[in-house]
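The following note sets out some points on the model shown below.

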Amino acid sequence: SFFKEDFPMCGRHLIAASAGTGKTYNMQNVFARLVMLEGLRVSQILVVTFTEAATAELCDRLRRVLASVREFLVQDRNRVLAEDVARLDSAQKQAWDLVRLVPEAGWNTARDRVMVAIADFDQAAISTIHGFCNRVLSRYAFESGANFAAEVGDFDDAGTLAGDAWRRLGMDEKAYFEKFGKDSFCPGVVRLAQTQAGLARI
């Protein structure tokens with residue numbers, strides 16, 4: 001649980017869950033902890049999701065959880081910890097669970113960090129996976145060897161491109177996986193697809 005004081009925020013962690021079981025909720029908690037306890041600025045945290053709609057929702061939820069946390073941090077710590085949790089709504093309860101992790105000596109520091117995060121929230125790197133890749137390729141176009149005319153396509157484009165690449169290699173999807181394996185990565189297919197479509201290398 002991200003509400004445990006000793007939960008390690010460094011290293012790699014995999015959140016595996018089915019739809020509607022709390023992945024976004026946990027992402028909110030991780031984001032708030034990184035700001036409040038680890039001292040990261042919002043521009044130093046990368047948050048990616050799959051769709052534009054999910055990105056917009058996540059952006060709103062992250063902003064709201066920071067605002068809820070701020071409402072507690074501007075109060076006296078002892079008063080906050082003595083709060084009757086049963087009277088809080090779900091958003092307040094989430095924020096309370098987060099701020100109770102803040103040690104007494106770090107209360108004012110955490111408050112200041114959250115205030116800065118809210119002020120700088122427009123700098124937060126929250127986007128779709130393909131949106132992030134596109135920004136990286138644009139920013140480091142020379143280093144990546146990206147095609148300046150490249151555009152991010154949709155899933156239909158990707159399927160057509162992959163099918164075209166397999167046909168040019170003389171195989172279909174089934175033959176491809178039989179040859180390279182389902183978990184394999186074939187640079188040749190990617191290079192061929194890039195060449196034919198003029199796409200940037202990712």
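This is a predicted model: local features need pLDDT of at least 70, side-chain atom pairs count only at pLDDT 80 or more; totals for chains, interfaces and linings use all residues.

**Notes on the core and the salt bridges**

1. Arginine 70 has a relative accessible area of 26% and is therefore partly exposed. Arginine 70 forms a salt bridge with glutamate 71, with 3.6 Å between the closest N and O atoms. Glutamate 71 is likewise partly exposed, at a relative accessible area of 45%.

2. Which residues have the most contacts inside the largest nonpolar core? They are Phe31, Met36, Val69, Leu73, Val99 and Phe121, in a core of 30 residues. Helices α1 (23-36), α2 (52-73), α4 (90-99) and α5 (107-119) each contribute at least two residues to this core. Helix α2 provides the largest share, namely seven residues. As a general matter, nonpolar side chains in soluble globular proteins tend to be buried together.

3. With residues up to four places away in sequence left out of the count, methionine 36 touches Val69, Leu73, Leu98, Val99, Val102, Ala110, Arg113 and Val114. Among these contacts, Val69, Leu73 and Val99 are also listed with Met36 as having the most contacts inside the core.

4. The structure contains nine salt bridges. One of them joins aspartate 60 to arginine 64, with the closest N and O atoms 2.9 Å apart. Both residues belong to helix α2 and are separated by four residues, about one turn of the helix. Aspartate 60 has a relative accessible area of 38% and is partly exposed. Arginine 64, at 47% relative accessibility, also counts as partly exposed.

5. Is aspartate 97 buried or exposed? At 8% relative accessibility, aspartate 97 counts as buried, because the cut-off for that class is under 20%. Its partner in a salt bridge is arginine 100, at 3.3 Å from N to O. Arginine 100, by contrast, has a relative accessible area of 30% and is partly exposed. In general, side chains of opposite charge can pair when their charged atoms come close.

6. The pair in the preceding point does not stand alone. Lys93, Asp97 and Arg100 are linked in a network of salt bridges. The buried member of the pair, aspartate 97, thus belongs to this network together with the partly exposed arginine 100.

How values were computed
Residues are numbered from 1 along each chain as its sequence is written. Side-chain values use heavy atoms; hydrogens and water are left out. A nonpolar core is a set of buried Ala, Val, Leu, Ile, Met, Phe, Trp, Tyr and Cys residues joined through side-chain atoms within 4.5 Å. Buried means under 20% relative accessible area, exposed over 50%, partly exposed in between (1.4 Å probe, protein chains only). Contact means heavy atoms within 4.5 Å. A salt bridge is a side-chain nitrogen of Lys or Arg within 4 Å of a carboxyl oxygen of Asp or Glu.
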